[in-house]
Amino acid sequence: MEVINVLCGKCSGLGYTKQKIIPNDDGMTVKIEKDICDECNGAGHIEYAIFSVEEAKAILKYCGLTTES
């Protein structure tokens, strides 16, 4: 099994979907508030497991399944 990281399609790898710029009372500084991406939980990527054909067949056999119709 191999684990690969794929760029999150919802946030395009940013880790957040929206950001709001909120001015502070002093008028000189701002606060940036970001909505964390719920697809990748802010990581910017999603992990996927990739199995070889032999590993996939072994998993199917263990679960009592087959690839034949």
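The points below go from the overall form to single residues.

1. The model is a predicted one, and its secondary structure amounts to one helix and four strands, which follow one another from the N terminus in the order β-β-β-β-α. The radius of gyration is 21 Å, well over the 11 Å that the globule rule gives for 69 residues, so the protein is more spread out than a compact globule. Along the principal axes, the C-alpha atoms fill a box of roughly 70 × 20 × 15 Å.

2. Of the 69 residues, 10% are buried, and the accessible surface comes to about 5,900 Å², with 54% of that area belonging to carbon and sulfur atoms.

3. Helix 1 lies largely in the open, because the number of buried residues among its 10 is zero. After helix 1 comes glycine 64, which has a positive phi, near 80 degrees.

4. Phenylalanine 51 is placed in the loop that runs between strand 4 (45–50) and helix 1 (53–62), and its relative accessibility of 42% makes it partly exposed. Together with Met1, Val3 and Ile59, Phe51 forms a nonpolar patch on the surface, and the accessible area of the four together is about 380 Å².

5. A search of the whole structure accordingly finds zero disulfides. Cysteine 11 is in no disulfide either, its nearest cysteine sulfur being that of cysteine 8, 3.7 Å away. Both residues count as buried, cysteine 11 at 4% relative accessibility and cysteine 40 at 9%.

6. Glycine 15 sits in the loop between strand 1 (2–7) and strand 2 (16–23), and with a relative accessible area of 3% it is buried. Leaving aside residues up to four places away in sequence, glycine 15 touches Asp35, Ile36, Cys37, Cys40, Gly42 and Gly44; the buried cysteine 40 of the previous point is thus one of its contacts. The C-alpha atoms of glycine 15 and aspartate 38 are 8.8 Å apart, although 23 residues separate the two along the chain.

Definitions and conventions: Residues are numbered from 1 along each chain as its sequence is written. This is a predicted model: local features need pLDDT of at least 70, side-chain atom pairs count only at pLDDT 80 or more; totals for chains, interfaces and linings use all residues. Side-chain values use heavy atoms; hydrogens and water are left out. Patches are made of residues with over 30% relative accessible area and no salt bridge: like charges are joined within 9 Å, nonpolar side chains (Val, Leu, Ile, Met, Phe, Trp, Tyr) within 5 Å. Accessible areas come from the Shrake-Rupley method with a 1.4 Å probe; for residues, only the protein chains shown count as cover. A salt bridge is a side-chain nitrogen of Lys or Arg within 4 Å of a carboxyl oxygen of Asp or Glu. Helices (H or I, at least four residues) and strands (E, at least two) are DSSP runs, numbered from the N terminus. Buried means under 20% relative accessible area, exposed over 50%, partly exposed in between (1.4 Å probe, protein chains only). A disulfide is a pair of cysteine sulfur atoms within 2.5 Å. Contact means heavy atoms within 4.5 Å. The radius of gyration is taken over C-alpha atoms; the globule rule is 2.2 Å times the number of residues to the power 0.38.
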